[in-house]
Amino acid sequence: MDAIADTVFQGTKSKTQEIEDTPSLLTVVVDTSIHSWVQLTKQQSGSGSEGSSGEKQLIEALKSIVVFLNAHLAFNSGNQVCLIAAHSEGMKYLYPSADSKPSMSMVSSDMYRGFRNVDEIVVEQWYRLFKEELEGQESKVSMKSSLSGAMSSALTYVNRILKENENTSLRSRLLVITCGTSQGKDEIFQYIPIMNCIFSATKMKCSIDVVKIGGGIESTFLQQATDATSGVYLHVENTRGLIQYLSTAMFIDPSLRNVIIKPNQGSVDFRTSCFLTGKVVAVGFVCSVCLCVLSVIPPGQKCPACDSPFDSKIIARLRRKPVLSNGVPKKKNVSNK
Amino acid sequence: MSLNLFKTTVNDYLEGLPEQVQSRLYESPATCLAIYRLLSPMAKFFIMSMLFQDHDVSLRDLDKWVKPDAKYQLQYSIKSMKSLNLIIEGESKQPLLIRLNPIFKKSFKNVLTGGEINNSFGDVADDDTNPVSTATLDQYSAEKWETILHYMVGTPNTNTPGGKVLDLLQHSGLMEEAEYGELKITNQGFQFLLQDVNAQMWTLLLQYLKMAESLQMDPVDVLNFIFMLGALQLGKAYKCDQLSNTQRTMLQDMRDYGLIYQNQSDYAKFYPTRLATLLTSDTKAFRSASVALDSVLNKANETTAVEGDSGQDETTERTQDGALIIETNFKLYSYSNSPLQIAILSLFVHLKSRFANMVTGQLTRESVRNALLNGITAEQIIAYLETHAHPRMRRLAEENLSKKLELDPTVKETLQVLPPTVVDQIRLWQLELDRIISYDGYLYTDFESYQEYQTVADYAKDIGVLLWQNEKKKMFFVSTEGNSQVLDFHRRNFDK
């Protein structure tokens, strides 16, 4: 009897040790807003003797990304990619793209067809994107980044592809490449959309990886996103050697997530932002209906998010300077530590 | 899993090649890509991380990447990279420092960046005036390949494949000559039938390689050609004039297997079929030969409509056809009406009735024993059932697993697509057949004292060579490999 138990046991054991080599979908969201790239260069030429212009840094990054896409396609023949640009005027699917027939050939014709099909469209779409930008620049220069919008559409795409490929047990991950020079100012207003992305990503078991190029401070919300979805957050100084970062830290395939130690540095800032001013708050007010966080008492005595009216008495009490009141204020709360 | 079977067989072959041959292989970018894809995921990760690194890498650093409970996989991936000579001693010659094979590194970089590739991915003929549709290609390859399989199963009223194919089947031991010069399927042949289409093709191709060596063909040329076939795009015509002489002769043979197609009128061009493009991919969609080909044929109609976006179509395949459901009471339902599929099932299932789109049957002790006696192993049966499991079964198992994980995240259970009772029972039926295991070894008896017996037996147990012992009679038995060590130990400690 022992022999029977033994062999059956071994049979199951050896199976657990195998990593299944399943195809995966890589969705890359790239922040291509010219504005932030130019600022990045300005900052760097101020601090050091960096001679390159903003476009150069951007092009450097784009080159690395194309090679990175190829690397992902090389990993498994069933692998798929998707590339989305978060541009100054909204997001755009670069690959797969609606008008898929490339008009000109900018990629070496010798290249492996699987790569070439993707690369040609990517390069072509990029070219068009910047051309449009160049023509329409004077009319409207938006300073806002559409990163969160691009992330949500990336996740919808992931969702669709996962549904379509239910039989092949496709897995997915999302890589966000952002260039953070905006002093974290405009990303604050993206707190809610990014939070929503995080929730849907965890539900789909899609991990979010983030590469942040330049910029002094960490982008806290993206960091939270990687933390919640067991992704990797990486902050690099400039685009030099970006491919090395992409091909190591960002190359952890979903099938390897369980066995590779993720190169995460430091602790994550879990603080949230105020819905009105966009400031990151450690202690603030919370609406008791919709749980939105505020750093100041909202004007108009109603919640800016859900429009539920606040009790004027309590507001008045909250407005008072710190006093020793015997009742606990109802609308005061400590959000996180 | 049968999925990895073809990878291991190909890898074993590649690892066995002499170093010079390997280095010559790495000169071709297409081959590099194919070999890269054949590696384990962890090895792929390490290679990618070293690819753009100019310095030597310490093995300790690789070790730091991996969680402690996955050390086994780390060792395995390092071993396979070393035996393929993909990683070699670092430039500084220090221990533990390694680097990528420079030839491989250069070619693989070229693959990714589109550098100097020298047509190793085939030379597309752009001036193709009358292109062959993918539907024709699929039909052609399906016909050729199914002929071979049908011939092996012995389906009545099928054509006989070409003479070279028969030679190959015989050489690889899949079929043997019975009386009257007819070929009969062997035990290996039965096992072959249960594998997925990739594994089958590679079994034949590796055999082809062995035959080619005896025919003075250069293995590097042959391998390069096979790997190139795997990287070609379906539905495109490729020029033959860049091929070497060896490769031109191969063209004809590959045509017999249905890997490539040539127009009767124009031998300067060839078209890779879907079978060829599958060579280096392990798309799970194609779980077996017949399923693959059936879905190919079904899909052929669709692809003709949306030609052009061929980057996608390989992965969006459905596996509905040939999917089977197995219940805990050993009843089996297979949604298939291809004679080949049914013939394969009948190897180990007692089939009961056949309907327009499905067959039902029962796994019985008798039917499984029959298969086992034919040389098919329990593992192969299980793997076959698992890979052909209906998507619904798979989804059910996945749901169950995620429920269990939600309750207790520490559960070490893996996905069980098949009912565990069935899996265990098939294994037990196999165990019934080998109730006696024999070992070669040496018996130690006649010890002078109990203490002497105890010390030596303990030593043998410690080094793991002890197979049996009896305290009362002061005897024990060690395996052949361990004998000299035990003898040495005894000599050291007890000889005066």
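Me: What makes the pair Arg173(A) and Asp209(A) a salt bridge?

Reply: In this predicted model, the closest N and O atoms of Arg173(A) and Asp209(A) are 3.6 Å apart, and because a salt bridge requires a side-chain nitrogen of Lys or Arg within 4 Å of a carboxyl oxygen of Asp or Glu, the pair is counted as one. The two residues belong to distant parts of the chain, with Arg173(A) in strand β4 (residues 171–179) of chain A and Asp209(A) in strand β5 (residues 207–213) of chain A, 36 residues apart.

Me: Why is Arg173(A) called buried?

Reply: The relative accessibility of Arg173(A) is 1%, and since buried means under 20% relative accessible area, Arg173(A) counts as buried.

Me: What does Asp209(A) form with Arg257(A), and which parts of chain A are tied together by the pair?

Reply: Asp209(A) forms a salt bridge with Arg257(A), the closest N and O atoms being 3.0 Å apart, a value that falls within the 4 Å cut-off. Asp209(A) lies in strand β5 of chain A, whereas Arg257(A) is found in the loop between α8 (242–248) and β7 (272–273), so the pair ties together parts that are 48 residues apart in sequence. Both Asp209(A) and Arg257(A) are buried, and together with Arg173(A) they are linked in a network of salt bridges.

Me: How do you know that Asp253(B) and Lys164(B) form a salt bridge?

Reply: Their closest N and O atoms are 3.1 Å apart, which meets the requirement of lying within 4 Å. Asp253(B) sits in helix α13 (residues 245–257) of chain B and Lys164(B) in helix α9 (residues 163–171) of chain B, so this pair ties together parts 89 residues apart in sequence. With a relative accessibility of 7%, Asp253(B) counts as buried, because the limit for that word is under 20%. Over all chains, the structure holds 14 salt bridges.

Me: Why is Ile437(B) called exposed, and where does Ile437(B) lie?

Reply: Ile437(B) has a relative accessible area of 58%, and because exposed means over 50%, the residue is classed as exposed. Ile437(B) lies in the loop between α21 (420–433) and β13 (441–444) of chain B.

Me: Which residues make the nonpolar surface patch that includes Ile437(B)?

Reply: Ile437(B), Tyr439(B), Leu443(B), Leu467(B) and Trp468(B) make this patch of about 530 Å².

Definitions and conventions
Residues are numbered from 1 along each chain as its sequence is written. Chains are lettered from A and ligands numbered from 1 in the order in which they are written. This is a predicted model: local features need pLDDT of at least 70, side-chain atom pairs count only at pLDDT 80 or more; totals for chains, interfaces and linings use all residues. Side-chain values use heavy atoms; hydrogens and water are left out. Patches are made of residues with over 30% relative accessible area and no salt bridge: like charges are joined within 9 Å, nonpolar side chains (Val, Leu, Ile, Met, Phe, Trp, Tyr) within 5 Å. Accessible areas come from the Shrake-Rupley method with a 1.4 Å probe; for residues, only the protein chains shown count as cover. Helices (H or I, at least four residues) and strands (E, at least two) are DSSP runs, numbered from the N terminus. Buried means under 20% relative accessible area, exposed over 50%, partly exposed in between (1.4 Å probe, protein chains only).
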